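Dear colleague,

I am handing over the structure below, and I would be grateful if you could look through it alongside the notes that follow.

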Amino acid sequence: RLLLVAVLVLALTGISTALAVGTRLGDLDAFFEFFDREGNHPSIPRLIGDRAVIARGEDWAFVAWRSTRGLCTSLVFPDRRGGTICGIPVVGAPRETSGPDHQVGGGSYQGRPDEELWINGVAAANVSRVDVELADDRLLRAAVYDAPAALRLELKFFLVRTRFRLRTRRDSTSGLEVPEPPYRAFSAYDARGRLLERFDPATAP
């Protein structure tokens with residue numbers, strides 16, 4: 001699946017390093033130590049250029065960066081917790097593999113079932129609005145951000161924070177309970193409110 005190729009949800013160890021954009025995240029930038037130290041392995045995305053902070057709060061950051069596995073986005077939290085998605089197949093975004101491009105795409109992070117759900121991703125430059133359809137039938141409007149200048153990309157980024165009760169299903173192969181995706185689709189609209197694409201990762205070729 002397009003958005004499952006390079007999803008990494010990582011509990012990382014290591015010492016703190018500085019982000020290349022010239023702004024520190026305190027203990028949050030220790031999250032990237034894993035990538036910076038282990039980037040010589042072909043399965044690990046290796047940094048190209050600078051990391052750029054899209055948005056941040058007191059104890060979190062939404063970061064984007066070019067890598068050897070395409071454009072990556074990272075949600076970073078204290079104690080080296082967070083998640084990274086790479087190679088999202090959106091128009092204008094660098095990627096590792098060929099295939100169809102979309103107007104919008106992303107992923108999610110929820111550290112524990114009782115924690116907030118974070119949904120983030122990338123949208124094409126002509127996208128002005130992103131709606132996220134959740135598995136519990138809610139429709140949420142995402143915050144949309146222009147790409148930071150350090151990335152040198154004509155793109156948008158989006159972010160949603162919400163509470164969500166994690167659901168599980170029994171995997172037919174392993175027999176184990178596995179989490180279900182918390183979202184169904186992303187919808188991208190232009191500045192006039194016209195629907196550009198409704199992207200459902202579960203049905204994407």
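Buried here means under 20% relative accessible area, exposed means over 50%, and partly exposed lies in between (1.4 Å probe, protein chains only). Arg169 counts as partly exposed because its relative accessibility is 40%, whereas Thr162 counts as buried because its value is 9%. Please bear in mind that this is a predicted model, in which local features need pLDDT of at least 70 and side-chain atom pairs count only at pLDDT 80 or more, while totals for chains, interfaces and linings use all residues. Residues are numbered from 1 along each chain as its sequence is written, and side-chain values use heavy atoms, with hydrogens and water left out.

Thr162 belongs to strand β11 (residues 155–162), and Arg169 to strand β12 (residues 168–170), a strand being a DSSP run of E of at least two residues, numbered from the N terminus.

Leaving aside neighbours within four places in sequence, Thr162 is in contact (heavy atoms within 4.5 Å) with Glu116, Leu117, Leu134, Arg138 and Leu140. With Arg138 there is also a polar contact between the two side chains, at 2.8 Å; such a contact is a pair of N or O atoms within 3.5 Å, where, within protein, one must be able to donate a hydrogen and the other to accept it, and residues adjacent in sequence count only if both atoms are side-chain atoms.

Arg169, again not counting residues up to four places away in sequence, touches Leu176, Glu177, Val178 and Glu180. The C-alpha atoms of Arg169 and Pro179, which are 10 residues apart along the chain, are separated by 6.4 Å.

Note on methods
Helix = DSSP H or I, 4+ residues; strand = E, 2+ residues; numbered from the N terminus.
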